[in-house]
Amino acid sequence: MKWSLEHDGQKRFGMMTTNHAERWNNAILHARKLPVTSLVRELFLKTVEYFDKRCVEIASQTVKGQIFTKHANKMLSRAITRASGHHVKIFDRETWLFEVITRKVGLKGGNSHTIWMQETMCSCGKWQNYQIPCSHLIACCSYLKIKHEIFVGEWYKLDNVSKVYGGIFEPIPNKGEPRWPIEIDFPKVIHDKDVEKKKGRRKSTRFQNEMDFQSPRGKKKSTSKSNSAP
């Protein structure tokens with residue numbers, strides 16, 4: 001993951017996990033062992049559900065006058081709070097080269113960071129990785145009296161995010177309806193007669209993880225008191 005983040009050309013936006021895939025795996029946990037057609041149907045219906053949910057959330061945020069996603073707003077709010085204690089020193093007004101000294105609290109802080117504003121770079125690396133202004137950049141913007149929002153990546157704007165979920169789905173048609181896809185003459189797969197087919201369900205060969213194992217249920221302690229004399 002770290003190697004991917006280092007050589008991603010600033011396209012992973014700081015993503016270091018596979019949470020997206022794991023969440024999908026968890027969403028279809030009850031359907032993973034169903035036949036392929038049922039599994040595909042479950043994936044389709046989950047996608048429709050997620051798209052509708054995201055569209056409602058984005059519309060609600062837009063009505064409230066918000067411009068960026070919740071994730072971007074959260075990071076910006078945190079950076080703005082930290083930027084209030086930074087000290088800014090300008091080195092070159094033509095190239096907007098700055099040095100930012102963080103506020104020292106006890107044994108923490110007092111670090112020096114360099115901002116190359118025209119090159120959209122900060123020595124902390126957060127601005128490049130997340131495409132969201134870090135606290136050092138926000139401090140420089142406050143020094144120059146310009147809005148730091150202009151440095152937020154376009155993909156964090158709700159207008160652009162809404163386009164991701166702008167697709168329209170249609171219910172799956174019943175077989176025989178005009179919308180049912182035309183059957184294609186695929187080759188027919190026949191079981192090899194030389195291979196013995198055992199009775200019962202075939203054993204799964206998939207590698208199992210922590211989601212496949214349930215924690216043992218403890219025995220409930222009886223709360224009723226015995227009526228027998230000691």
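The dialogue below goes from the overall layout to single residues.

Q: What should I know about the model before reading it?
A: The model is predicted: local features need pLDDT of at least 70, side-chain atom pairs count only at pLDDT 80 or more, and totals for chains, interfaces and linings use all residues. Residues are numbered from 1 along each chain as its sequence is written, and side-chain values use heavy atoms, with hydrogens and water left out.

Q: How many helices and strands are in the protein chain?
A: Elements are DSSP runs, numbered from the N terminus: helices are H or I with at least four residues, strands are E with at least two. The protein chain has seven helices and four strands. From the N terminus on, their order is α-α-α-α-β-β-β-β-α-α-α.

Q: What share of the residues in the protein chain is buried?
A: Buried means under 20% relative accessible area, exposed means over 50%, and partly exposed lies in between (1.4 Å probe, protein chains only). Of the 230 residues in the protein chain, 22% are buried.

Q: How do I read a pair of aromatic rings?
A: Two values describe such a pair: the distance of the centres and the angle of the planes. Rings of Phe, Tyr and Trp (its six-membered ring) pair if their centres lie within 6.5 Å; planes under 30 degrees apart are stacked, over 60 edge-to-face, and the rest tilted. The count here is five aromatic pairs. Take Phe44 and Phe169: their ring centres are 5.8 Å apart and their planes stand at 80°, so this pair is edge-to-face. It links distant parts of the chain, with Phe44 in helix α3 (residues 36-63) and Phe169 in the segment after α7 (158-164), 125 residues apart. Phe44 is partly exposed at 24% relative accessible area. Phe169 is partly exposed too, at 34%.

Q: Which residues do ring pairs link into a cluster?
A: The cluster holds Phe44, Phe51, Tyr165 and Phe169. Within it, Phe51 and Tyr165 form an edge-to-face pair, with 5.1 Å from centre to centre and 75° between the planes. Phe51 lies in helix α3 and Tyr165 in the segment after α7, 114 residues apart. Tyr165 has 22% relative accessibility, so it counts as partly exposed.

Q: How do I read strand pairing, and in which sense do β1 and β2 pair?
A: Two strands pair if DSSP finds at least two bridges between them. Strand β1 (residues 87-92) pairs with β2 in the antiparallel sense, over five bridges. His87 has Ile101 in β2 as its bridge partner. The hairpin of β1 and β2 has four residues between the strands, and Trp96 there takes a positive phi near 55°. β2 also pairs with strand β3 (residues 112-116), antiparallel over five bridges. Here Leu97 has Trp116 in β3 as its bridge partner.

Q: Which side chains of strand β2 point to one face and are buried?
A: Along β2 (residues 97-101), they are Phe98 and Val100.

Q: How do I read a residue's contacts?
A: Contact means heavy atoms within 4.5 Å. Leaving aside neighbours within four places in sequence, Ala79 is in contact with Pro133, Cys134, Ser135 and Ile138. The C-alpha atoms of Ala79 and Ile138 are separated by 7.4 Å, although these residues are 59 apart along the chain. Among contacts in the protein chain between residues at least 6 apart in sequence, 43% join residues at least 24 apart.

Q: What does a positive phi tell me to look at?
A: Most residues other than glycine have a negative phi. Thr120 has a positive phi of about 50° although it is not a glycine. Thr120 sits in the loop between β3 and β4 (121-122), and at 41% relative accessibility it counts as partly exposed. Lys145, also not a glycine, has a positive phi of about 60°. Lys145 lies in the loop between α6 and α7. With a relative accessible area of 78%, Lys145 is exposed.
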